Amino acid sequence: QAQLVESGGGSVQAGDSLRLSCVASGRTFSTFDYDMDMGWYRQAPGKEREFVARIDWSGVNTSYAEAVKGRFTITRPNTKLTTYLRMNSLKPEDTAMYYCNVQIRGVDYWGQGTQVTVSS
């Protein structure tokens, strides 16, 4: 079984911060799987799901969408089965459902999502 559980979403004011968490569990996921990338996507109402950030197994290599560079930080502790997304200086346009994603050798796994709402 493969399960991704997100948490940490909420309703905040513009300029506030939030930290999202995602925990991967189940036999599909292994601490020692070097091909296991973790990341975050988001989907606002009426829009396509879009990439936000990604981190590789080492935790060293990261990538970000242009819209969040300099404001969001993705990290991955040594346990390798958890990832965090620190979101600073939140804007109303960051409002969306945020989904955790794990990609292993081209196969995608998704969480159920956690809602982030930013009011001006």
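Analyst: Let's start with Tyr-34, which counts as exposed because its relative accessibility is 60%. On this scale, buried is under 20% relative accessible area, exposed is over 50% and partly exposed is in between, using a 1.4 Å probe and protein chains only. A word on the ground rules: this is a predicted model, where local features need pLDDT of at least 70 and side-chain atom pairs count only at pLDDT 80 or more, while totals for chains, interfaces and linings use all residues. Numbering runs from 1 along each chain as its sequence is written, and side-chain values use heavy atoms, with hydrogens and water left out.

Now the rings. Rings of Phe, Tyr and Trp (its six-membered ring) pair when their centres lie within 6.5 Å; planes under 30 degrees apart are stacked, over 60 edge-to-face, and the rest tilted. There are 4 aromatic pairs in the structure. One of them is Phe-29 with Tyr-109: the centres sit 5.4 Å apart and the planes are at 80°, so it's edge-to-face. Phe-29 is in the loop between S3 and S4, and Tyr-109 belongs to strand S10 (residues 107–110), so this pair ties together parts 80 residues apart in sequence. Strands here are DSSP E runs of at least two residues, numbered from the N terminus. Phe-29 is buried, with 6% relative accessible area, whereas Tyr-109 is partly exposed at 24%.

Back to Tyr-34: its ring and that of Trp-57 have centres 4.5 Å apart and planes at 55°, so this pair is tilted. Tyr-34 is in the loop between S3 and S4 and Trp-57 in the loop between S5 and S6, so parts 23 residues apart in sequence are tied together. Trp-57, for its part, is partly exposed at 21%. Elsewhere, ring pairs link Tyr-41, Phe-51 and Trp-110 into a cluster.

S9 and S10 run antiparallel and are joined by 4 bridges; two strands pair if DSSP finds at least two bridges between them. Ile-104 has Val-107 in S10 as its bridge partner. The hairpin of S9 and S10 has 2 residues between the strands, and Arg-105 there takes a positive phi near 50°.

Next, the nonpolar core, meaning a set of buried Ala, Val, Leu, Ile, Met, Phe, Trp, Tyr and Cys residues joined through side-chain atoms within 4.5 Å. The largest one has 29 residues, and Trp-40, Leu-85, Met-87 and Tyr-98 touch the most other members. S3, S4 (36–43), S5 (50–55), S7 (72–75), S8, S9 and S11 (114–119) each give two or more residues to this core. S9 supplies the largest share, 5 residues. Contact means heavy atoms within 4.5 Å. Leaving out residues up to four places away in sequence, Leu-85 touches, among others, Leu-18, Leu-20, Trp-40, Val-52, Phe-72, Ile-74 and Tyr-98.

Then there's the sheet. An open sheet of 4 strands has the order S1-S3-S8-S7, paired antiparallel. S1 and S7 are its edge strands, each pairing on one side only. From one strand to the next the twist averages 15°, where axes are lines fitted to C-alpha atoms and angles run from 0 to 180 degrees between N-to-C directions. S1 (residues 3–7) is joined to S3 (residues 18–25) by 5 bridges; Leu-4 partners Ala-24, and Val-5 partners Val-23. On to S8 (residues 82–87): 6 bridges join this strand to S3, and Val-23 stands opposite Thr-82.

Asp-94 is buried at 1% relative accessible area, and its side chain makes a 2.9 Å polar contact with that of Arg-42. A polar contact is a pair of N or O atoms within 3.5 Å; within protein, one must be able to donate a hydrogen and the other to accept it, and residues adjacent in sequence count only if both atoms are side-chain atoms. Not counting residues up to four places away in sequence, Asp-94 also touches Arg-71, Phe-72, Ser-89, Val-116 and Val-118. Arg-71 is in the loop between S6 (62–64) and S7 and is buried too, at 11%.
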